[in-house]
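Let's take a look at this one together.

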Amino acid sequence: MAETLEFNDIFQEVKGSMNDGRLRLSRQGIIFKNSKTGKVDNIQAGELTEGIWRRVALGHGLKLLTKNGHVYKYDGFRESEFEKLSDFFKTHYRLELMEKDLCVKGWNWGTVKFGGQLLSFDIGDQPVFEIPLSNVSQCTTGKNEVTLEFHQNDDAEVSLMEVRFYVPPTQEDGVDPVEAFAQNVLSKADVIQATGDAICIFRELQCLTPRGRYDIRIYPTFLHLHGKTFDYKIPYTTVLRLFLLPHKDQRQMFFVISLDPPIKQGQTRYHFLILLFSKDEDISLTLNMNEEEVEKRFEGRLTKNMSGSLYEMVSRVMKALVNRKITVPGNFQGHSGAQCITCSYKASSGLLYPLERGFIYVHKPPVHIRFDEISFVNFARGTTTTRSFDFEIETKQGTQYTFSSIEREEYGKLFDFVNAKKLNIKNRGLKEGINPGYDDYADSDEDQHDAYLERMKEEGKIREENANDSSDDSGEETDESFNPGEEEEDVAEEFDSNASASSSSNEGDSDREEKKREQLKRAKMAKDRKSRRKSSEAKKGKDPNAPKRPMSAYMLWLNASREKIKSDHPGISITDLSKKAGEIWKGMSKEKKEEWDRKAEDARREYEKAMKEYEGGRGDSSKRDKSKKKKKK
């Protein structure tokens with residue numbers, strides 16, 4: 001856990017309510033950035049009303065309350081950090097950081113308090129547990145009972161889905177305690193209720209994910225996707241980002257909505273909502289509000305009557321309601337002049353858009369990668385053809401994305417873009433070495449050790465040596481070996497024009513047919529003998545007594561380390577083992593590699609010595625065999 005204290009600022013790696021992130025405390029306020037989504041919580045110093053320090057499951061935590069009722073909780077602190085944080089809060093926020101532990105008595109009878117966005121169940125003065133009401137998806141009532149249902153957390157293996165509270169009846173007239181409890185929850189909960197008419201409706205829009213045509217009804221706090229089979233209700237609070245991307249054909253537009261948490265259809269999660277529009281499609285739109293309400297709510301961003309392209313109207317309305325900027329492609333231009341690159345990801349073809357602060361791929365599956373979460377990028381040669389290359393991105397969390405089948409002509413533009421954004425390039429130096437021919441580029445990643453390629457090279461050398469040995473052996477045996485080629489020549493002579501002419505003049509049709517069948521049979525037998533002879537010679541080519549070629553330093557190390565790698569990674573496949581071994585070898589220090597280089601050099605010397613002895617002995621034996629054959633002749 002990293003922590004530094006500079007210029008009265010505190011930087012801390014912590015856990016927010018659900019995800020890891022980075023917390024920064026400064027004189028102006030507190031900022032938390034979610035590592036997974038990039039979402040930022042910004043709390044101004046003047047808005048803070050209370051700070052509580054307490055022990056939680058992950059060490060110690062910080063609970064912050066603001067003037068507008070919002071509650072922020074951050075875990076992952078150490079106990080020793082309390083004094084430093086307490087002094088910082090006193091000095092810069094004029095706020096006392098109080099220590100307040102949770103009650104661990106285990107009682108299930110207590111008092112419920114509603115404070116801001118939080119429901120707190122207390123025993124005496126100590127809270128037992130707290131529920132953020134923004135996580136409540138539904139609230140139902142029964143006789144003396146209230147049931148709260150929650151949104152499912154996809155990042156957790158186990159999620160709390162329901163809590164029930166028993167509310168005892170009271171003697172007060174006119175006040176139902178169950179209804180009062182439910183109203184307190186619903187006033188702050190993230191429960192979607194379609195009350196009143198929609199502000200506007202867009203009909204039959206083409207949606208790529210989830211696939212189909214949907215009517216989009218725009219309500220003040222959420223949008224409703226109504227299709228033939230499924231309905232989705234999306235609160236504006238779950239919208240992270242908006243993207244407007246031109247298609248490569250310049251006739252269509254993508255409008256992408258990034259969601260967290262995602263919408264669900266069975267077990268499928270959709271983190272992106274992608275709409276496809278034609279640029280030629282126009283619409284006249286009238287909002288279901290009077291002009292005063294429109295002016296008061298949207299402050300000139302929308303008007304009661306609007307007209308224009310359909311994609312412009314949808315993006316304009318969404319921007320005003322969600323209150324987020326729309327991201328468009330930056331100054332990147334590909335080889336064809338488009339602002340995107342055609343490529344493939346996970347066997348599906350799509351478009352990769354280099355943006356000012358990240359990459360986005362549409363459409364199946366959609367992927368958004370921010371620059372601040374990229375560890376490095378890599379340009380690799382194409383696996384199927386030399387006319388394309390692969391673009392690999394690895395994040396700081398270790399996730400790898402490979403965009404393949406990118407045209408070779410796009411390389412220069414993409415490299416310049418990545419270089420300008422100062423991203424780490426794994427095989428830097430490609431740009432200077434590339435030329436119109438693909439050969440120079442094909443060797444661009446040779447600095448990486450490829451275990452599979454190393455093994456193929458070794459086997460190729462062995463096959464080449466064996467082929468040379470077999471050709472030498474066959475050359476020595478030509479004196480006495482059967483030569484099927486001469487047989488074939490004899491057979492061919494019987495089929496020349498003179499032979500056929502003489503036979504036709506002396507014999508009848510039936511004799512000629514019989515002779516042809518006999519000749520074909522002889523030719524077939526000669527070919528069979530030739531093929532059998534070739535197979536026997538091939539078998540004789542590799543001498544089992546010949547010395548084996550020495551292994552390289554890498555192969556010697558791999559044989560010695562294979563069992564250790566298997567024990568460290570149980571169940572690893574052969575291909576993954578080779579890949580892992582290559583990574584370990586590449587990261588090994590020069591001193592350790594020198595040890596294996598010495599062993600490989602010793603093995604090579606022994607091989608050369610054994611080879612000289614073997615070739616000397618084989619020469620004497622071949623001479624003896626020749627003399628014996630001549631005597632037999």
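## S120 and its surroundings

Setting aside neighbours within four places in sequence, S120 is in contact (heavy atoms within 4.5 Å) with T111, V112, K113, P127, F129 and E130. This is a predicted model, where local features need pLDDT of at least 70, side-chain atom pairs count only at pLDDT 80 or more, and totals for chains, interfaces and linings use all residues. Residues are numbered from 1 along each chain as its sequence is written, and side-chain values use heavy atoms, with hydrogens and water left out.

S120 sits in strand 11, residues 118-123 (strands are DSSP runs of E, at least two residues; helices are runs of H or I, at least four; both are numbered from the N terminus). Its relative accessible area is 12%, so S120 counts as buried (under 20% relative accessible area, with a 1.4 Å probe and protein chains only). The side chains of S120 and D122 make a polar contact of 2.6 Å (a pair of N or O atoms within 3.5 Å, one able to donate a hydrogen and the other to accept it; residues adjacent in sequence count only if both atoms are side-chain atoms).

## Nonpolar cores

What about the cores? The largest has 41 residues, and F202, I218, F255, V314, V317 and M318 have the most contacts inside it (a nonpolar core is a set of buried Ala, Val, Leu, Ile, Met, Phe, Trp, Tyr and Cys residues joined through side-chain atoms within 4.5 Å). Helix 4, residues 310-322, gives the most to this core, with nine residues. Apart from it lies another core of 26 residues, including Y345 and F415.

## The whole chain

The chain has 14 helices and 32 strands. Of its 633 residues, 36% count as buried.

Notes
Buried means under 20% relative accessible area, exposed over 50%, partly exposed in between (1.4 Å probe, protein chains only).
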